Amino acid sequence: KTLLKRSGAYLFESDGPERAIFENDAASHIVIVKGPIASYITVVYGSLLFHTVRLLKTQTHLDNAIFIVNHLSIEQRHSNVEMFMRIKTSIDNGQEFFTDLNGFQWMRRQRTSKLKVEGNYYPITNSIFIQDKNLRATLVTNHAQGATSANSGEFEVMLDKRTPEDDQRGMEEGVQDIVPTIQQYWLSIEFLSGVKPSPELYNVPSLHVHHLTNILNYPANIFLMHHDSNPDLKIHTKFS
């Protein structure tokens, strides 16, 4: 067999220019909800994507970040695509961005124009952030993904792929068995005035971002039961 370096289950190699996957699809529904605890907007692109952006009003540190949820299921008509979510900001980070290594440390990355887009992608377990002298934008994820900063002021993460190509890495088939996935993110914008980060020495997320990471990594387990079915059961009314 001829070894083809094409995108498959293990390899990522772009083929041609990027394009908006929704260029021929208008949003079928837009849902806006406002309430005393949270307000959010959901944009529905058929059965392909439910994109939700939520703002909380809980009088806690959660109010200082934006909660993003993607319900994604790549349809059969998109037979050879790789989907990404890109966030654009006004931050002047140039070619520099930071990605985590298994959540233990954050490495400074330098985008290289000599490489194609796949050569500038790095795995993230917890987060990616970009910053300048005044602002830092951090995207926290609930599972490992590929991420990069393709242009100044931007960062993006991989969402999912569907490809018929076999990348000759042992599967002998492409990625066709797509199932619906749910991806959750926190987007935090922080002011760095007076902090004076030193990229040459040390860069770590703020305590606020660590709290957001723990929320995604260790979600609360919620159990429901009918108390009437066991009237002798003693339920604690307080927990700390």
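Reader: Quick one on this model: is E154 buried or exposed?
Author: Buried. This is a predicted model, and in it E154 has a relative accessible area of 11%.

Reader: OK, and what does E154 form a salt bridge with?
Author: With R86; the closest N and O atoms of that pair are 3.7 Å apart.

Reader: Which residues are linked in a network with R86?
Author: E154 and E156; salt bridges link them with R86 in a network.

Reader: Switching topic, how many salt bridges does the structure hold?
Author: 5 salt bridges. One of them is between R108 and E96, with the closest N and O atoms 2.4 Å apart.

Reader: Which strands is that pair in?
Author: R108 is in strand β7 (residues 105–110) and E96 in strand β6 (residues 96–101). The two residues are 12 apart, and the pair links distant parts of the chain.

Reader: Buried or partly exposed, for R108 and E96?
Author: R108 is partly exposed, with a relative accessible area of 45%, whereas E96 counts as buried at 14%.

Reader: What about K116, which side chain does it meet?
Author: K116 meets E118 in a salt bridge, 3.8 Å from N to O. K116 counts as partly exposed, at 45% relative accessibility.

Methods: Residues numbered from 1 in each chain as written. Predicted model: local features only at pLDDT ≥ 70, side-chain atom pairs only at ≥ 80, totals over all residues. Heavy atoms only, no water. Salt bridge = Lys/Arg side-chain N within 4 Å of Asp/Glu carboxyl O. Buried < 20%, exposed > 50% of the residue type's maximum accessible area, 1.4 Å probe, protein only. Helix = DSSP H or I, 4+ residues; strand = E, 2+ residues; numbered from the N terminus.
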